[in-house]
Amino acid sequence: MLKRRMVFAAAVLLAMFSVSGCRYQQSKSVWQEMINQCGAGDVLEGGVFFGPSDQVGPGSVWRRTNTGGYRMRWSILEAKGASPLPVEEGGLAACKEQRFTLERTFPSLLLRNPLEPLDLELEAALDKADKVTVRIQGFAVDRLAENPYGGMLLALPAESLLRKDLGREYVMAQVSGLRVRGFAISMEFGPADAASLKQKRPDLSIKSGKAGASFAAKWTSPTVLELAAEKDIYIFARLSLIASVSPRFKLSAPEVINVFGPEYEDPKLPLLGEQ
């Protein structure tokens, strides 16, 4: 009986991971389609796609697990503290098609971020939309300014959590990120679904949390809801191992990554197996 229960539990976990992985890949494919329409090409390969975030960008600190996963531990603001952001902003390229309709697309796929998941009930409600229209102003590739970043890390107190974290094995810095400006998504609902959504959720704004993006919500007509990113967002990262911090800060070459789906990991909590 115990063995049967263990097999059942394993099957349930496998099914959950399969569904999660499928949604992650679908989200990545939809974003790639949009970026292609903007004229950027296949830019979401070889790194970590995580969906919209105004908290995770060049300078964020990640960790590669011993099972091949990737976990974001320190956001941009947490890593830089009061220091200026050590990032070289790329030139903004205008999106060729700044407004376009996506056929047969669930809007939640454009908002999904495995580092800061959406409420499942909200996802299901938004996915009842009959028509999805996207607006993107432009995009850029921002890069980490390595020397100022290294100086910032070297200046950290030895007892700080981040400085201690840098001594771990497989700790990584985000060295570049694909930044999107002017992202907004309009969803047109049937009258009954629109009325139900307004009744259940008077405020549909989304807050960024520790690793997501903030979206302002407004009804532009009785049946059309718009969610607009309040800031520029990052959706993709390239990561490099931090080879050394002292006496000289050094990064390895960016890794080529094929990730199932990244996760957020609270740096203030011990890792599994630690006290």
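**Disulfide, ring pairs and sheet in a predicted model**

Mentor: The structure holds one disulfide. This is a predicted model, in which local features need pLDDT of at least 70 and side-chain atom pairs count only at pLDDT 80 or more, while totals for chains, interfaces and linings use all residues. Residues are numbered from 1 along each chain as its sequence is written, and side-chain values use heavy atoms, with hydrogens and water left out.

Trainee: What makes the link of Cys38 and Cys95 a disulfide?

Mentor: A disulfide is a pair of cysteine sulfur atoms within 2.5 Å. The sulfur atoms of Cys38 and Cys95 are 1.9 Å apart, and the two residues are therefore joined by a disulfide. The angle about the S-S bond is -90 degrees, and the link is left-handed.

Trainee: Which parts of the chain does this pair tie together?

Mentor: Cys38 lies in helix 1 and Cys95 in the loop between strand 5 (93-94) and strand 6, so the parts tied together are 57 residues apart in sequence. Helices (H or I, at least four residues) and strands (E, at least two) are DSSP runs, numbered from the N terminus.

Trainee: Why is Cys95 called buried, and why is Cys22 called partly exposed?

Mentor: Buried means under 20% relative accessible area, exposed means over 50%, and partly exposed lies in between (1.4 Å probe, protein chains only). Cys95 has 4% and therefore counts as buried; Cys38, at 2%, is buried as well. Cys22 has 41%, so it is partly exposed.

Trainee: Why is the pair of Phe183 and Phe215 called edge-to-face, and why is that of Tyr24 and Phe49 called tilted?

Mentor: Rings of Phe, Tyr and Trp (its six-membered ring) pair if their centres lie within 6.5 Å; planes under 30 degrees apart count as stacked, over 60 as edge-to-face and the rest as tilted. By this rule there are six aromatic pairs. For Tyr24 and Phe49, the centres are 5.9 Å apart and the planes stand at 55 degrees, so this pair is tilted. For Phe183 and Phe215, the centres are 6.1 Å apart and the planes stand at 80 degrees, so this pair is edge-to-face. Ring pairs also link Trp31 with Phe183 and Phe215 into a cluster.

Trainee: How do you know that strand 10 and strand 12 pair?

Mentor: Two strands pair if DSSP finds at least two bridges between them. Strand 10 (residues 184-188) and strand 12 (residues 224-229) have five bridges, and therefore they pair, in the antiparallel sense. One of the bridges joins Glu188 to Val224 in strand 12.
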